[in-house]
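Here are some notes to read alongside the model, written as numbered points. Please keep the sequence and the structure open while going through them.

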Amino acid sequence: MMLRWNRKKTHFPLIAFLSLVFIVLTILHNEHSMRQIQENPDHALHHQEAPVTFVKANRINPAQEVLDRFSKCNSTRDYSGRKIAWVDRNDSQRRRVASERCDVASGKWVFDNTSYPLYNESECPYMSDQLACHKHGRPDLGYQYWRWQPHECNLKRWNVIEMWEKLRGKRLMFVGDSLNRGQWISMVCLLQSVIPANKRSMSPNAPLTIFRAEEYNATVEFLWAPLLVESNSDDPVNHRLDERIIRPDSVLKHASKWEHADILVFNTYLWWRQGPVKLLWSAGKNGICEELDGLGAMELAMGAWADWVASKVDPLKKQVFFVTMSPTHLWNREWKHGSEGNCYDEKTPIDFEGYWGSGSDLPTMRMVEKVLSRLGSKVSVLNITQLSEYRKDGHPSIYRKFWETLKPEQLSNPPSYSDCIHWCLPGVPDVWNELLFHSL
């Protein structure tokens with residue numbers, strides 16, 4: 001024992017010297033690393049995170065099976081972290097900032113029973129039973145008489161002949177979910193009254209439904225694509241499924257129908273709030289899916305859609321609009337503290353300017369804004385969210401056709417089966433179309 005200790009003691013100065021050198025070199029290295037991080041804050045993140053794989057969107061795969069309501073995942077694993085790679089091919093023009101023109105999305109609702117409604121519910125043969133609130137027993141009509149008034153200017157007043165002239169020889173197509181379908185029905189009801197019955201037609205309900213006006217050689221169409229990318233929910237009727245499966249990197253199935261339209265109005269939002277989504281990548285094999293939360297999956301889908309817009313849209317030949325999220329009013333405690341319920345029996349708008357409820361998801365809004373900002377002048381934004389937030393009175397509530405039989409306990413508690421998602425017609429979606437008319 002003594003001998004070993006003496007041997008260690010003999011070498012101690014050398015060990016101490018080497019340790020001191022190591023410490024000095026470590027300090028110098030750390031100082032150099034800190035300077036790099038201060039100069040480039042993302043430097044540390046790049047070293048801590050696993051490399052991200054970028055997937056090129058909208059590639060044709062002839063062997064790829066089309067998703068439908070019978071499609072299934074053979075197995076599911078965690079999300080791999082793959083992202084959509086899309087190149088910003090935008091021209092030099094950028095979207096004008098709000099200060100250069102009136103912000104029509106900032107304003108208030110004004111009761112106007114002289115100019116509104118812009119059409120009568122009973123006189124539109126294309127009205128949906130899901131949105132015909134007066135027909136299905138709504139006793140008050142106040143929801144039809146509100147006009148949107150921007151603070152700093154006037155919204156261009158609706159003129160049906162002028163709108164038809166804008167559409168002459170063109171295809172106007174709405175692409176999205178049932179909320180966008182409601183806006184399409186609103187547009188058809190706004191337009192159809194000046195077209196003779198024998199000069200207009202509506203195709204049967206299908207993924208692509210078309211209203212034709214012979215005199216103007218124009219169509220107003222709706223394409224059911226609630227998630228924008230291909231999915232197992234692309235059947236316009238049979239889409240209530242246990243799991244939601246999408247191809248996050250491909251809009252080609254739907255784009256084959258929308259690519260020849262002259263004016264496109266897109267939306268997507270509501271379906272991404274229904275829980276996790278299964279991702280079946282175009283290059284995937286053996287039906288292996290990945291699972292991701294709704295916001296992450298929506299961002300992938302927006303990337304695939306943006307890739308198509310950036311690649312294919314010439315703003316001088318095609319006008320593209322994106323409709324921001326349509327808010328819900330599922331919790332009346334958000335505008336009436338201490339109460340329980342939802343939009344049921346609400347008869348007036350919210351009069352608190354700047355109101356936001358949980359029906360508008362702010363992280364989703366920021367993500368959409370980021371994507372749209374990269375597209376610049378290729379896309380115009382129809383900002384409906386804030387103005388629709390005020391309209392807690394505008395939903396069908398219980399005054400609509402319900403396709404399923406309601407249970408006695410539901411009937412005894414009207415808020416339990418109230419529709420606080422969609423909108424009565426005439427009503428709020430008519431103003432969305434006035435914004436579109438104003439922007440064309």
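1. The second largest pocket holds about 1100 Å³ of space. A pocket here is an open set of points on a 1 Å grid over the protein atoms alone, where a 1.4 Å probe fits, with protein on both sides within 12 Å along at least five of seven lines; lining residues have an atom within 4 Å of a point. The volume is the space filled by probe spheres set on the points, which are joined across faces, edges and corners. This is a predicted model, in which local features need pLDDT of at least 70 and side-chain atom pairs count only at pLDDT 80 or more, while totals for chains, interfaces and linings use all residues. Residues are numbered from 1 along each chain as its sequence is written, and side-chain values use heavy atoms, with hydrogens and water left out.

2. Which residues lie nearest the centre of the second largest pocket? They are Gln-130, Ser-178, Arg-181, Arg-400 and Trp-403, out of a lining of 38 residues. Helix 4 (residues 178-192) supplies the largest share of this lining, with five residues; helices (H or I, at least four residues) and strands (E, at least two) are DSSP runs numbered from the N terminus. By type, the lining has 18 nonpolar residues, 13 polar and seven charged, where Ala, Val, Leu, Ile, Met, Phe, Trp, Tyr, Cys and Pro count as nonpolar, Asp, Glu, Lys and Arg as charged, and the others, Gly among them, as polar.

3. The protein chain has 10 helices and 15 strands, and 48% of its 440 residues are buried. Buried means under 20% relative accessible area, exposed over 50%, and partly exposed in between, with a 1.4 Å probe and protein chains only.

4. The largest nonpolar core has 97 residues, and those with the most contacts inside it are Trp-164, Val-220, Trp-258 and Trp-305. Helix 6 (residues 294-312) gives the most to this core, with 11 residues. Such a core is a set of buried Ala, Val, Leu, Ile, Met, Phe, Trp, Tyr and Cys residues joined through side-chain atoms within 4.5 Å. A second, separate core of eight residues includes Cys-133, Ile-398, Tyr-417 and Cys-424.

5. Beyond its neighbours within four places in sequence, Trp-164 is in contact (heavy atoms within 4.5 Å) with several residues, including Leu-191, Phe-211, Tyr-216 and Val-220. Arg-168, in the loop between helix 3 (160-167) and strand 6 (171-176), touches Glu-215 and Tyr-216, not counting residues up to four places away in sequence. Arg-168 and Tyr-216 are 48 residues apart in sequence, yet their C-alpha atoms are 4.9 Å apart in space. Why is Arg-168 classed as partly exposed? Because its relative accessible area is 40%.

6. Some backbone details deserve a careful look. Most residues other than glycine have a negative phi, and most peptide bonds are trans. Cis peptide bonds join Tyr-116 to Pro-117, with omega about 5°, and Leu-425 to Pro-426, with omega about -10°. Asn-58, in the loop between strand 1 (54-56) and strand 2 (75-78), has a positive phi near 60°, and it counts as buried because its relative accessibility is 15%. Asn-286 also has a positive phi near 60°, but Asn-286 counts as exposed because its relative accessibility is 62%.
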